[in-house]
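Thanks for coming. I will go through one structure this morning, from the whole chain down to a few residues.

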Amino acid sequence: MIDVVLPVLNERRALPWVLGRMPGGFRPIVVDNGSTDGSGRIARELGADVVEQPTPGFGAACFAGLTASSTEILCLMDADGSLDPRDLPAVCGPVVSGHADLVLGKRIPEPGALPLHARVANRLLAAEVTRRTGIRVRDIGPMRAARRNALLQLGLEDRRFGWPLEMVLRAASYGWTVTEIEVV
């Protein structure tokens, strides 16, 4: 079993699709980060484990899910329906096999799926990470996999929206093997 942390803030419309596509062997842990639309209730009704995280912030939700997880390998992904959970086996495969310490799902967005400013900012950020760390990344995307205890040992501090970037930078400073897998 592999836990999948799904930070949620008002994702009631996307949750049935996301949870319905969760592959066998992957256990969803929905971290409700203050939803007002009943996301937590819907996730429970759909069979997900739900953790309440009242402290606002993407990093706060991810960290709550990380600490609630109990599996050796952990995946994280957005629950807004922008990523397909069926890509999780490919993303966690290099971690399972020992070929990578951290795998990032490199998004291949359909035309118009991401606003131009978001695509440009992501590319610039990825280029800067590559320049500073030597780790070639093209996307600081929200689908990723790593070993749970190793993630805890990174000591991630950002509890807002810098959490994914901090994870990559700290992984690089610890000498982790970081790779990307294309996802839809």
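Of the 184 residues in the protein chain, 49% are buried. Keep in mind that this is a predicted model. On overall size, the C-alpha trace spans about 45 × 35 × 30 Å along its principal axes.

Next, the secondary structure. The protein chain has 7 helices and 7 strands. Read from the N terminus, their order is β-α-β-α-β-α-β-α-β-α-β-α-α-β.

Now the surface. Which residues make the nonpolar surface patch of about 290 Å²? They are Leu116, Val120 and Leu124. Leucine 124 belongs to helix α5, which covers residues 116-133. Its relative accessible area is 59%, so leucine 124 counts as exposed.

One backbone detail is next. Asparagine 10 lies in the loop that runs between β1 (2-8) and α1 (15-20). Its phi is near 55°, a positive value in a residue that is not glycine. Most residues other than glycine have a negative phi. Is asparagine 10 buried, partly exposed or exposed? Its relative accessibility is 35%, so asparagine 10 counts as partly exposed.

Last, the aromatic rings. How many aromatic pairs does the structure hold? The count is 0.

Methods: Residues numbered from 1 in each chain as written. Predicted model: local features only at pLDDT ≥ 70, side-chain atom pairs only at ≥ 80, totals over all residues. Heavy atoms only, no water. Phe/Tyr/Trp six-rings, centres within 6.5 Å; stacked < 30°, edge-to-face > 60°. Helix = DSSP H or I, 4+ residues; strand = E, 2+ residues; numbered from the N terminus. Buried < 20%, exposed > 50% of the residue type's maximum accessible area, 1.4 Å probe, protein only. Patch = residues over 30% accessible without salt bridge, like charges linked within 9 Å, V, L, I, M, F, W, Y side chains within 5 Å. Areas by Shrake-Rupley, 256 points an atom, 1.4 Å probe, with all protein chains shown as cover. Salt bridge = Lys/Arg side-chain N within 4 Å of Asp/Glu carboxyl O.
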